Amino acid sequence: MSRTAARPRGTLLALTVLAASVAGPVVLASPAQAATVVVSTATELASAVKNAAPGTVIQVRGGTYRPTATLQSTANGTASAPIRLEPYGSESVVIDGSGLPAGAWIFKLTADYWTVSNLTFQNSPDSAVVCTSCTGTVWNRITTRNGGDSGFTLTGADTNNNTVRNLDSYGHYDAANHGENADGLAIKFGSGSGNLITGARLFDNSDDGVDLWSWSSPVTIEHTWAWGNGRNRWSDSAFAGDGNGYKLGGDGEVVAHVVNNSAAWSNAGNGFTENSNKGAIVINRTTAYANGKWGYYLATGAARLGRNLAVGNGSGLVNKGSSVVSSGNNWDSGIATPAFVSTNPATAYGARKADGSLPATTFLTTGSTTIGSTMN
Ligand SMILES: [Ca+2]
Ligand SMILES: [Ca+2]
């Protein structure tokens, strides 16, 4: 369904829209906007996003929106009064980029203290969602899918204390570069502390699941699954996707990222790779299964690998350099390899739990309390 019909609007919103559309001198220093703004067209959505103020709640009526320009804002919320962008009630909202110009993103936020929840961004010509130099943003249960570059991106200096919770990002492919850039989640070209990724599913993207290229501060990733990345699903005869589940560095940055209780399977490249990052990357209780190259590739850095489980990867379980500290992993002496309860990944694609967390699955579980991801 394409949302084109106008719905009745509240008086406050009507006044806001009217005020914004009046030509001539603007009396107010900045246009006042109602605390709660209900939008039902792409034009209203663009205006509400642009003009938000601390405490604004933007509620989007159900339907599919096709903006013709990038939705963007530089309006800051505050820690105590964040700006919220979310569906109206339990309605289902899809923001579709197929009407955007070539090279455009769907949503560009250069702002602090937003909480964005329960929205799907699809078919972007380029990246879908990009948060630049953001602080204190929270992203709950966002889906990015089938776009022309990376799905969800944090970038820029002063990117601090952002939380990405329960992201689904899949099917991205940059055709012009034969798939070499489109990642599920890109935290690249920037810095900032306190950024947390939890509960993500990053799959079937042309390049990597997670990419932390040229990022100079530690990122924490937990309860995340990356699979099927870097496989040529587009019949591209010059396909160039890398296909790492977790690309944990690059461009000379030395940084101690942390990955806990996560999994990588069936990626074309490595399950987890330092990608030349010589920092003390910490990887604990993760599982790498059936990836095309190494389960864990940490050949030059000083990673700390604890209680990880690698099974059935093309190049081998682990490639670790002499500075790596390795303990309790199934390649370490005296550590047994527990059997998987299931190797059928079908449930990994299933519906999330009511609270938005990862779907229940026995896939790659072992029942072990000491090694490998618990897959939840
Ligand atoms: Ca690449
Ligand atoms: Ca990449």
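The model is predicted: local features need pLDDT of at least 70, side-chain atom pairs count only at pLDDT 80 or more, and totals for chains, interfaces and linings use all residues. Residues are numbered from 1 along each chain as its sequence is written, while chains are lettered from A and ligands numbered from 1 in the order in which they are written.

**Overall build**

The protein chain holds two helices and 32 strands. Helices (H or I, at least four residues) and strands (E, at least two) are DSSP runs, numbered from the N terminus. The C-alpha atoms occupy a box of roughly 75 × 40 × 35 Å along the principal axes.

Of the 376 residues, 47% count as buried. A residue is buried if 20 or more other C-beta atoms lie within 10 Å of its own, exposed if 12 or fewer, and partly exposed in between, with C-beta atoms placed from the backbone. Among contacts between residues at least 6 apart in sequence, 61% join residues at least 24 apart. A contact means C-beta atoms, placed from the backbone, within 7 Å.

The protein chain is divided into domain 1 (33–99) and domain 2 (127–376). These bounds come from an automatic or database domain assignment. The C-alpha centres of the two domains lie 30 Å apart.

**Sheets**

Strands pair if DSSP finds at least two bridges between them. One open sheet has ten strands with parallel pairing, in the order S3-S6-S9-S12-S15-S18-S21-S24-S27-S30. Its edge strands are S3 (63–65) and S30 (309–311), each pairing on one side only. Neighbouring strands of this sheet are turned by 10° against each other on average, direction ignored. Axes here are lines fitted to C-alpha atoms, for helices over the stretch in contact, and angles run from 0 to 180 degrees between N-to-C directions.

Another open sheet of ten strands runs S4-S7-S10-S13-S16-S19-S22-S25-S28-S31, again with parallel pairing. Strands S4 (71–73) and S31 (316–320) stand at its edges with a single partner strand each, so one side of each has no neighbour in the sheet.

| Strand pair | Bridges | Residue pair |
|---|---|---|
| S2 (57–60) and S5 (83–87) | four | Gln 59 and Glu 86 |
| S5 and S8 (114–117) | three | Ile 83 and Trp 114 |
| S18 (201–203) and S21 (225–227) | three | Leu 202 and Ala 226 |
| S28 (294–298) and S31 | four | Trp 294 and Gly 316 |

**Two loop residues with positive phi**

Most residues other than glycine have a negative phi. Ser 214 has a positive phi, near 55°. Ser 214 lies in the loop between strand S19 (210–211) and strand S20 (219–222). With 16 other C-beta atoms within 10 Å, Ser 214 is partly exposed.

His 223 also has a positive phi, near 50°. His 223 sits in the loop between S20 and S21. His 223 is buried, because 20 other C-beta atoms lie within 10 Å.

Methods. Two residues are in contact if their C-beta atoms, placed from the backbone, lie within 7 Å.
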